[in-house]
Structures are given as C-alpha cells and as structure tokens.
Amino acid sequence: MKKNKHQNKQSLNLSSSGEKPSAGARIKTEKKFGLKKWNIILCKNCGNAITSPETIISVNDKHIHTLTNLEDITFDIGCFSSANGSTIFGDSSPEFTWFKGFTWNLSICSNCLIHLGWYYQRKNETFFGLIVDRLMDTKSP
Ligand SMILES: [Zn+2]
C-alpha cells in the first residue's frame, strides 16, 4: 500500500505529461527564478559553491517540486542543469523515480559530503534536483 501511495504522488506531479510511456519530463531553460533571486548557490552546511543561477531550469514547467519519498519525508527540490560543486554518488537507480523515465543517483556536496539531492538521467537529458533547504545564496545571512 505504501508503494501505491508513493506512485500516486508521482503521477500527480507528472499529470501534464500524460500516461504514455514515451511521455516524460519536459526540460527547458528558465532565465528568471520566480521565488528568490539567487547569487552564487552554496551548500548551506559548509559554504561550498554548488552551482549558479544560470543553471536554473524548469522540469515539467516548474523549477521547484515538492516531493515525498518512501519514508514520507517531503522535500522541496529545485531543478538545475548542472551542479559542479556536487559529487554524484552511488549507482543509478530507476526505482521510485520522481521523474518519469529518469534514473537517479544521490548528489552530495563535494566538500562536506552532505546529501544535497539527486542527479537525474535519461538518454541525453540530465539535471540535478537539489533540496532547497540545504542550499543558500551568497546574500543569505
Ligand atoms: Zn557542503
């Protein structure tokens, strides 16, 4: 039952893509970041530079996705085309992916090794989904 619950939440986020197997996440570049103006995007834990505003993208028409994992922990994740300050960790997995057709790896801070989010991959498409609460910009207190 727990598994089904999770899948329902996923399909909610992807409902605009339909149910066809070929349909998946749509990635596009988003110049403007609606919720907050970032400067350099840093690891909140150690201050390591993770990425920059130029890498902000929308996936399925949204930059921020609120997603719940199998342990019922909810994350706000932001989508980024790259994150040079993070390290991709572990093997890729297709299981319980939040984005249809994409496999995921863990993404950790390359300096302090804290879990920052996930790296998603599908054929030629890749992006990072990073937990917003674990990032800060250079203007944050
Ligand atoms: Zn760090």
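Residues are numbered from 1 along each chain as its sequence is written. Because the model is predicted, local features are given only where pLDDT is at least 70 and side-chain atom pairs only at pLDDT 80 or more, whereas totals for chains, interfaces and linings use all residues.

The pLDDT, which is the predictor's confidence in each residue on a scale from 0 to 100, averages 80 over the chain, and 71% of the residues score at least 70. Over residues 1-24 the pLDDT stays under 50, and the model has 22 contacts beyond four places in sequence for this stretch, a contact being a pair of residues whose C-beta atoms, placed from the backbone, lie within 7 Å. A pLDDT below 50 is also found over residues 30-35, a stretch that has nine contacts in the model beyond near neighbours in sequence. Where pLDDT is low, the predicted coordinates should not be read in detail.

Strands are described here as DSSP runs (E, at least two residues) and are numbered from the N terminus, and two strands are said to pair if DSSP finds at least two bridges between them. Six strands form an open sheet in the order β5-β6-β10-β9-β8-β7, with antiparallel pairing. The edge strands of this sheet are β5 (64-68) and β7, each of which pairs on one side only. From one strand to the next the twist averages 30 degrees, where axes are lines fitted to C-alpha atoms and angles run from 0 to 180 degrees between N-to-C directions.

Within this sheet, β6 and β10 run antiparallel and are joined by four bridges, and Cys79 has Gly129 as its bridge partner in β10. Six bridges connect β9 with β10 in the antiparallel sense, with Phe128 of β10 as the bridge partner of Tyr119. These two strands, β9 and β10, form a hairpin with two residues between them, and Lys123 in the turn has a positive phi of about 45 degrees. The pairing of β8 with β9 is likewise antiparallel, over six bridges, and Trp104 finds its bridge partner in Tyr120 of β9.

A second open sheet has three strands in the order β3-β2-β11, again with antiparallel pairing. Here β3 (49-51) and β11 (135-137) stand at the edges with a single partner strand each, so one side of each is left without a neighbour in the sheet. With direction ignored, neighbouring strands of this sheet are turned by 50 degrees against each other on average. Two bridges join β2 to β3, and the partner of Leu42 in β3 is Ala49.

A nonpolar core is a set of buried Ala, Val, Leu, Ile, Met, Phe, Trp, Tyr and Cys residues joined through C-beta atoms within 7 Å; a residue counts as buried if 20 or more other C-beta atoms lie within 10 Å of its own, as exposed if 12 or fewer do, and as partly exposed in between, with C-beta atoms placed from the backbone. The largest such core has 24 residues, of which Ile50, Phe80, Tyr120 and Leu130 touch the most other members. At least two residues of this core come from each of β2 (41-43), β6 (74-80), β8 (103-109), β9 (115-122) and β10 (125-131), and β9 gives the most, with four residues. When residues up to four places away in sequence are not counted, Phe80 touches Thr51, Thr55, Ile56, Ile57, Phe127, Phe128 and Leu130. In soluble globular proteins, nonpolar side chains tend to be buried together.

Gly129, which lies in strand β10, is buried because 24 other C-beta atoms lie within 10 Å. The contacts of Gly129, not counting residues up to four places away in sequence, are His65, Ile77, Cys79, Gly117, Trp118 and Tyr120. Although Gly129 and His65 are 64 residues apart along the chain, their C-alpha atoms are separated by 8.6 Å. Val59, in strand β4 (residues 57-59), is buried because it has 26 other C-beta atoms within 10 Å. From C-alpha to C-alpha, Val59 and Cys79 are 6.8 Å apart in space, while 20 residues apart in sequence.

Most residues other than glycine have a negative phi. Phe96, however, has a positive phi of about 55 degrees although it is not a glycine; Phe96 lies in the loop between β7 (86-93) and β8, and it counts as exposed because it has 12 C-beta neighbours inside 10 Å. In Leu113, also a residue other than glycine, phi is positive and near 70 degrees. Leu113 is found in the loop between β8 and β9 and is partly exposed, because 13 other C-beta atoms lie within 10 Å.

Definitions and conventions: Two residues are in contact if their C-beta atoms, placed from the backbone, lie within 7 Å.
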